[in-house]
Amino acid sequence: MNRREQREQIFKILFGVEFHSAEELDEQIALYNGRTWRKFRQKEADYILNKVHSIVEHLDDLDSSLNAASKNWKTTRMAKAELSILRLAAYEIKYEEDIPVSVSINEAVELAKAYGSDQGPAFVNGILSGLA
């Protein structure tokens, strides 16, 4: 599984976080894991799980950064798909020095094309450009 596919799995779990409490995260991951991850190697599953947990631990900081980077949109008003994509990319930009900023932004735009609204790719690109 390549990094793009891993990002997609991370996005899907983060999207689910929007609809469940933090206390339910491990239970939700286990349910998702049971349905989806049978085909993944353990190393890939561990990478995904560790990254999801780390992103969730940093949600307040990530949301604060996203709020500062956006002009008229606060995270509380953003569509859930775009917000999950933005959090993933913001995490990579802020905490993963081995991933170039341009790659994080491009991958986020691609996720927005697949899962966001029609305006999602431009919205994600605009917010992340202000963050970088």
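Which residues in α5 meet which residues in α7? Hello everyone, let's start right there. One thing to keep in mind is that this is a predicted model.

On the α5 side we have Glu82, Ile85, Leu86, Ala89, Ala90 and Ile93, and they meet Gly120, Phe123, Val124, Ile127, Leu128 and Leu131 in α7. Sorted by class, this contact has ten nonpolar residues, one polar and one charged.

If you'd like to find the pair on the screen, α5 covers residues 80–95 and α7 covers residues 120–131. Two packed helices are described by the angle between their axes and the distance between the axes. For α5 and α7, the axes come within 10 Å and cross at roughly 30°. Angles under 35 degrees count as roughly parallel, so α5 is roughly parallel to α7. The crossing of α5 and α7 is right-handed.

Is Val124 buried or exposed? It is buried, because its relative accessible area is 0%, and buried means under 20%. Setting aside residues up to four places away in sequence, Val124 touches Glu82, Ile85, Leu86, Ala108, Val109 and Ala112. Look also at Ala89: it is 35 residues from Val124 along the chain, and the C-alpha atoms of the two are separated by 9.3 Å.

Now let's turn to a second pair, α1 and α3. Helix α1 runs over residues 3–17, and helix α3 over residues 42–57. Their axes also come within 10 Å, and they cross at roughly 45°. That makes α1 oblique to α3. Here α1 passes α3 in a right-handed crossing. The α1 residues making the contact are Arg3, Gln6, Gln9, Ile10, Ile13, Leu14 and Val17, and their partners in α3 are Glu44, Tyr47, Ile48, Lys51, Val52, Ile55 and Val56. By class, that gives nine nonpolar, two polar and three charged residues.

Gln6, in helix α1, is worth a stop. Gln6 is buried, with a relative accessible area of 6%. Beyond its neighbours within four places in sequence, Gln6 is in contact with Met1, Glu44, Tyr47 and Ile48.

Finally, a word on α3 itself. How far apart are its end C-alpha atoms? They are 22 Å apart, and this agrees with the 22 Å that 16 residues should span at 1.5 Å a residue. The buried residues of α3 are Glu44, Ala45, Ile48, Leu49, Lys51, Val52, Ser54, Ile55 and Val56.

Notes
Residues are numbered from 1 along each chain as its sequence is written. This is a predicted model: local features need pLDDT of at least 70, side-chain atom pairs count only at pLDDT 80 or more; totals for chains, interfaces and linings use all residues. Side-chain values use heavy atoms; hydrogens and water are left out. Axes are lines fitted to C-alpha atoms, for helices over the stretch in contact, and angles run from 0 to 180 degrees between N-to-C directions. Helices (H or I, at least four residues) and strands (E, at least two) are DSSP runs, numbered from the N terminus. Angles under 35 degrees count as roughly parallel, over 145 as roughly antiparallel, 65 to 115 as roughly perpendicular and the rest as oblique. A crossing is left-handed if the near helix is turned anticlockwise from the far one by less than a right angle, and right-handed if clockwise. Contact means heavy atoms within 4.5 Å. Ala, Val, Leu, Ile, Met, Phe, Trp, Tyr, Cys and Pro count as nonpolar, Asp, Glu, Lys and Arg as charged, and the others, Gly among them, as polar. Buried means under 20% relative accessible area, exposed over 50%, partly exposed in between (1.4 Å probe, protein chains only). The expected span of a helix is 1.5 Å times one less than its number of residues.
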